[in-house]
Amino acid sequence: MDTTAPEPRSVLVTGGNRGIGRAIAEAFIANGDQVAVTTRSGGAPDGALDVRCDITDPAQVDAAFAEIEAAHGPVEVLVANAGITADTLLLRMSDDDWSSVIDTNLTGSFRLAKRASKGMLRLKRGRIVFISSVVGLLGSAGQVNYAASKAGLVGMARSIARELGSRSITANVVAPGFIETDMTGVLTDDQKAAILAQVPLGRYGAVEEIAETVLWLTGPGAAYVTGAVIPVDGGLGMGH
Ligand code: NDP
């Protein structure tokens, strides 16, 4: 029996200074991996490399990867988690509301996956996880931009899964439901009550419940899972 501990992997979690991303980064650190966290404002959890990077700027993405590669080697696990909202109804949605959300959530994830795939192709292995949302498949009034960006991640992940599968690189999507973070903290009590009424499990999810799923998707138990959309939503999106 092989009793040697597995080699620590070079892991990048974007948006890992708070909320879901922080919990994901902490789970990888506890797993013994070498973790880098990228954000605009800094503040990575203890044990992670704190890298500044605005994912809307291709040059910053490239520089962040160079910094991470120098410290930890090529990124073997990419968790594209950073995301924003700019909610308003369609008729009031400006081009800026649309393009800032698409550029961060969808195009930012494309930039990251493209840059990460270079190292993964050389390694001949890799795991890419995109953090989407239940809203990407269910739709959401007031979130035309956000839902479109999150639905786009599904087509992107499935295309990457087809392009890179022969090199043992998987690409999957995790679709959280309503999770207690700063992003959902801005909802009114009425909005929260309306949402919870639609959730079969009758509660918000915890950030750790997303982190556990992401860790599993990047581990040996999920080596044959690619192009999948894994809902972690208390049953909110069932059937989609
Ligand atoms: P938060 O708002 O708490 O955190 C967002 C993170 O993204 C921060 O770390 C922020 O860091 C980073 N970020 C935002 N814009 C950029 C940018 N341009 N470049 C680099 N980093 C950026 O969000 P959550 O933890 O709630 O959500 C995390 C992910 O999960 C998002 O993709 C979100 O859409 C998704 N999600 C969340 C749900 C929820 O209920 N909370 C439900 C479904 C999906 P900084 O500001 O320092 O750059």
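Me: Over residues 9–182, what share of the chain is helix and what share is strand, and how far apart are the end C-alpha atoms?
Reply: Over residues 9–182 the chain is 47% helix and 20% strand, with the end C-alpha atoms 29 Å apart; helices (H or I, at least four residues) and strands (E, at least two) are DSSP runs numbered from the N terminus. This is a predicted model, in which local features need pLDDT of at least 70 and side-chain atom pairs count only at pLDDT 80 or more, while totals for chains, interfaces and linings use all residues. Residues are numbered from 1 along each chain as its sequence is written.

Me: How many helices and strands are in the protein?
Reply: The protein has eight helices and seven strands.

Me: Switching topic, which residues of helix 8 are buried?
Reply: In helix 8, residues 207–217, the buried ones are Val207, Ile210, Ala211, Thr213, Val214, Leu215 and Leu217, where buried means that 20 or more other C-beta atoms, placed from the backbone, lie within 10 Å of the residue's own.

Me: And what covers them?
Reply: The cover over the buried residues of helix 8 includes helix 1 (19–30) and strands 4 (77–80), 5 (126–131), 6 (169–176) and 7 (229–232).

Me: What does Leu78 touch?
Reply: Leaving out residues up to four places away in sequence, Leu78 touches Leu12, Leu112, Ala113, Ala116 and Ile128, a contact being two C-beta atoms, placed from the backbone, within 7 Å.

Me: Last one: how much of the protein counts as buried?
Reply: Of its 240 residues, 45% count as buried.

Key:
A residue is buried if 20 or more other C-beta atoms lie within 10 Å of its own, exposed if 12 or fewer, and partly exposed in between; C-beta atoms are placed from the backbone.
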